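Q: Please take a close look at one part of this model, the surroundings of the ligand. What holds it there in terms of contacts and cover?

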Amino acid sequence: MSQPKRALVTGVTGQDGSYLAEFLLGQGYDVLGMVRRSSTLNFERIHHFQDRITLVPGDLLDQVSLIDVLREHRPTEVYNLAAQSFVPTSWSQPVLTGEATALGVTRILDAIRIVDPDIRFYQASSSEMFGKVRETPQNELTPFYPRSPYGVAKVYGHWITINYRESYGMHASSGILFNHESERRGLEFVTRKISHGAARIKLGQAKELRLGNLDAERDWGYAPDYVRAMWLMVQQDEPGDFVVATGKRHSVREFCELAFGHVGLDYREYLVQDPRLIRPAEVDTLVGDASKAARVLGWAPEVGFEELAVRMVEADLRLLATNQ
Ligand code: NAP
Ligand code: F7E
């Protein structure tokens, strides 16, 4: 019998890492989840399958820890999902963001090069690299114009992945993923802030919701659909770069309408626009062209915008009701 494949997922405690780890378990993988030291456990997203994966200590800021993880556990695939991923924090902590989100990619690529350059690698690139968009929709060839220290760091991570592919012949792929959300999305990101806010107001636990720019437009998909695309990239004979998106764009305001509307409320009665939540430089509009992913990977999203919003609100209603 052949050995099961073994994958290391960095960022396993995050939204995507938790879904990817579950997906890989379903594919029969041995899953290693890299976790950094914390004074309190933050395993909410993985506790329901934690005993089926191996947690390994490591930090993208610490080169030796990455080499040690690879030497000790010998994965055949590495999915680099760890990052400082919240855009506003990248203005308040630009150096930390650069260390983790940009240089962290070099650290893990170099660890792979040193320990076993045959390991296949996935880098979590982002539509934030397109920033002030040069064309619409955005595809793999659209020039980048990042608008935040986070976007700038992701451009570095993207190009260093391509550079290691071209310099060392490594099987290193980048998924340029547009926004993807879920019941497990961090509470500070706008969709979850809205679904959680609408649920709290509905249950009488809050009276208002404070938001920034309601006119920003994003191409929002469902995270479990997107982790499938990551895995498909790594299974290809040839590595490459792939846009992953739904091809449809909606505004923050539309998400508010749907989320509040689902619980029978009019968002305009509860929304407070807070100038402190406006970003120093905004990404006004993004929409992706995922035709390469469809053609080469056979990938298509399954959950649309409306279903996404409803799932998130329903999950927050359940969560808040049990915490009442
Ligand atoms: P997330 O929920 O914020 O998760 C980030 C993960 O990175 C967490 O597990 C976090 O660990 C870990 N991490 C942060 N700094 C680290 C460090 N120095 N060393 C080791 N681990 C570290 O992010 P996500 O939404 O799942 O996104 C996954 C990846 O895709 C990120 O790279 C993100 O930038 C990128 N991306 C996301 C989207 C999206 O719409 N979700 C779109 C495009 C690209 P802790 O739990 O300990 O904090
Ligand atoms: O903001 C606007 C805000 O923080 C979306 C990350 O996963 O996706 C994510 O980055 C939009 C922006 O996501 C609030 O100004 C209005 O225009 O949910 P977000 P993001 O910045 O697009 C990309 C692809 C990533 O790679 C990132 O890691 O919503 N907005 N009012 C607000 N945003 C937040 N967070 N909070 C508000 O109150």
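A: The account below covers the ligand shell.

This is a predicted model, in which local features need pLDDT of at least 70, side-chain atom pairs count only at pLDDT 80 or more, and totals for chains, interfaces and linings use all residues. Residues are numbered from 1 along each chain as its sequence is written, chains are lettered from A and ligands numbered from 1 in the order written, and side-chain values use heavy atoms, without hydrogens and water.

Ligand 1 is surrounded by 25 residues (a heavy atom within 4 Å). The closest are Thr13, Asp16, Arg36, Ser85 and Tyr150. By class, the shell holds 10 nonpolar, 10 polar and five charged residues (Ala, Val, Leu, Ile, Met, Phe, Trp, Tyr, Cys and Pro count as nonpolar; Asp, Glu, Lys and Arg as charged; the others, Gly among them, as polar).

Now the polar contacts (pairs of N or O atoms within 3.5 Å). Asn42 places a side-chain N or O atom 2.9 Å from an oxygen atom of ligand 1. Asp59 has a polar side-chain atom 2.8 Å from a ligand 1 nitrogen atom. His180 uses its backbone: an N or O atom there lies 2.9 Å from an oxygen atom of ligand 1.

Next, cover. Alone, ligand 1 exposes 910 Å², and the protein buries 89% of that (Shrake-Rupley method, 1.4 Å probe). Helix 1 (15–26), strand 5 (120–126) and helix 5 (149–168) each give two or more residues to the shell (DSSP runs: helices H or I, at least four residues; strands E, at least two). Strand 5 gives the most, with three residues.

Conventions:
A polar contact is a pair of N or O atoms within 3.5 Å; within protein, one must be able to donate a hydrogen and the other to accept it, and residues adjacent in sequence count only if both atoms are side-chain atoms.
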